[in-house]
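Subject: Structure for you to look through

Dear colleague,

I am passing on the structure we spoke about, and below it you will find my notes on what turned up. Please keep the picture open while you read, and look up each place as it is mentioned.

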Amino acid sequence: MSADADALLVREAQAGSRAAFDMLVLKYQRRVERLLSRSVRDPADVADLCQETFLAAYRALPAFRGDSAFYTWLYRIAVNAAQRHRGRHRPVESLDDDEGTFGTEAAPTDDATPEALLASRQLAVGLNEAVEGLVEEQRRALLLREVDGLSYEEIADLMDCPPGTVRSRIFRAREALAARLRPLLAGGGWR
């Protein structure tokens with residue numbers, strides 16, 4: 001479904017088509033859940049916040065002008081919901097969800113040795129720790145690019161900054177990760 005299809009569904013939903021809005025929910029629900037699970041650990045809270053996000057979007061849909069992509073607008077609603085939640089609860093930054101992490105469980109293969117599996121797990125844990133150690137703007141830009149697969153322009157829109165700033169943040173994040181992971185990859189151990 002392209003941005004044009006999203007725009008058509010939004011127009012139909014604004015005209016009263018519940019089915020059109022349901023299609024948008026089906027398309028973006030998993031992405032919103034992944035986004036929320038990066039800052040909210042409890043799956044029940046993630047589900048509640050996801051529902052809150054789509055309810056808020058449905059209520060605000062008549063005011064949506066289409067100045068940005070639908071997902072960009074929805075993303076902002078979800079981020080605001082997560083921030084309100086963190087204001088009510090102890091903040092927890094987590095990359096432990098299945099799709100928001102860089103993989104801490106190695107998939108065994110027929111030729112995988114226990115040592116190789118352990119090394120793979122250590123690398124994944126090290127990568128997640130390194131990502132968590134990034135400056136917030138760098139981490140957010142990197143995850144939007146690498147995990148959510150957004151373009152630089154979409155990320156710039158979401159982060160309210162020029163695409164060049166996004167590229168710079170992602171470059172700096174990758175450099176910081178490389179520096180942090182270099183000893184682990186060279187066999188020197190972590191930290």
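Predicted model: local features only at pLDDT ≥ 70, side-chain atom pairs only at ≥ 80, totals over all residues.

Asp160 has a relative accessible area of 64%, and because anything over 50% counts as exposed, Asp160 is exposed. You will find Asp160 in the loop between helix H7 (152–159) and helix H8 (163–185), and its phi is near 55°, which is a positive value in a residue other than glycine.

Turning to the whole protein, there are 8 helices and 0 strands, so that reading from the N terminus gives the order α-α-α-α-α-α-α-α. Of the 191 residues, 39% are buried, while the exposed surface comes to about 10,800 Å², with carbon and sulfur atoms supplying 52% of it. If you take the contacts with a separation of 6 or more, 60% of them join residues 24 or more positions apart.

Helix H1, covering residues 3–14, has 12 residues and reaches 16 Å from its first C-alpha to its last, close to the 16 Å expected at 1.5 Å a residue. Asp6, Leu9, Val10 and Ala13 are its buried residues, and, seen down the axis of H1, the buried residues fall within an arc of 105°, so they line one face of the helix. The partners against which these buried residues pack are helix H2 (18–37) and H4. Just after H1 comes Gly16, whose phi is positive at about 110°.

Helix H4, residues 70–88, deserves a slow look as well. Thr72 is another residue of H4, and because its relative accessible area is 3%, which is under 20%, Thr72 is buried. Leaving aside residues up to four places away in sequence, Thr72 touches Asp157 and Leu158.

Arg65 and Arg11 are 54 residues apart along the chain, and yet their C-alpha atoms are separated by 9.8 Å.

Finally, how many disulfides does a search of the whole structure find? The search finds 0 disulfides. A disulfide is a covalent bond between the sulfur atoms of two cysteines. As for the cysteines themselves, Cys50 is buried, with a relative accessible area of 2%, and Cys161 is also buried, with a relative accessible area of 16%.

A colleague

Key: Residues numbered from 1 in each chain as written. Heavy atoms only, no water. Helix = DSSP H or I, 4+ residues; strand = E, 2+ residues; numbered from the N terminus. Buried < 20%, exposed > 50% of the residue type's maximum accessible area, 1.4 Å probe, protein only. Contact = heavy atoms within 4.5 Å. Areas by Shrake-Rupley, 256 points an atom, 1.4 Å probe, with all protein chains shown as cover. Expected span 1.5 Å × (residues − 1). Arc of directions from axis to C-beta. Disulfide = S-S within 2.5 Å.
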